[in-house]
Amino acid sequence: MITQEQLTMVALPSMNDTHLEEILIINRLDNAAINHEIEAVSEKLNALLEHTIMHFSDEEGIMQEADFPAFEMHKNEHDRHLRELKSIIKYFEQHQDINAIHAYIKGNLTPWLISHVETMDNAMASYLQTGSATREDS
């Protein structure tokens, strides 16, 4: 389970809201896996994919609009994460391996999310907040 306290709160409240929605989905996925609810795991994986695609698309649009200097690096990390998520979904659909989901959540997803928010998203949000303050002053 991921708790709100594990995530860095960034300078943009809308991003924090999106991250909190994401941890709710991940925690529901984790619960379904713990309870060996194959159908619910599949459903939650797909909900996570949908949310992640929307989340990344929104962030990337904001970064492009603000001319964020680290856009390419940030987007590449989003793309890599989406490939990994799609891969675990495909594997689960073929094998219905609950242990793979546990391993993914604990070993990849949770540490990645915490690190990504703390580093890349935090830097982006700070840049956007500073940039929008500068534009408003002009």
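**Exercise 1.** Is Gly131 buried or exposed?

*Solution.* Start with what you are looking at. This is a predicted model, in which local features need pLDDT of at least 70, side-chain atom pairs count only at pLDDT 80 or more, and totals for chains, interfaces and linings use all residues. Residues are numbered from 1 along each chain as its sequence is written, and side-chain values use heavy atoms, with hydrogens and water left out.

Next, take the cut-offs. Buried means under 20% relative accessible area, exposed over 50%, and partly exposed in between (1.4 Å probe, protein chains only). The relative accessible area of Gly131 is 17%, so Gly131 is buried.

Now place the residue. Gly131 sits in helix α4 (residues 98-137). Between Gly131 and Ala66 there are 7.6 Å in space, C-alpha to C-alpha, although they are 65 residues apart in sequence.

**Exercise 2.** Describe the fold of the protein.

*Solution.* Count the elements. Helices (H or I, at least four residues) and strands (E, at least two) are DSSP runs, numbered from the N terminus. The protein has 4 helices and 0 strands. The order from the N terminus is α-α-α-α.

Then take the overall dimensions. The C-alpha atoms fill a box of roughly 55 × 25 × 20 Å along the principal axes. Of the 138 residues, 42% are buried.

**Exercise 3.** Check the span of helix α2 (residues 38-65).

*Solution.* The expected span is 1.5 Å times one less than the number of residues.

Look along the helix. Its buried residues include Leu45, Leu48, His51 and Phe56. After α2 comes Asp67, with a positive phi near 55 degrees.

**Exercise 4.** Which residues touch the most other members of the largest nonpolar core?

*Solution.* Define the core. A nonpolar core is a set of buried Ala, Val, Leu, Ile, Met, Phe, Trp, Tyr and Cys residues joined through side-chain atoms within 4.5 Å. The largest one has 38 residues, and Val41, Ile101 and Leu113 touch the most other members.

Find the sources. Two or more residues each come from α1 (13-34), α2, α3 (71-95) and α4. Helix α4 gives the largest share, 13 residues.

Zoom in on Ile101. Contact means heavy atoms within 4.5 Å. Leaving aside neighbours within four places in sequence, Ile101 is in contact with Leu29, Ala33, Val41, Leu45, Ile88 and Phe92.

Finish with the general rule. In soluble globular proteins, nonpolar side chains tend to be buried together.
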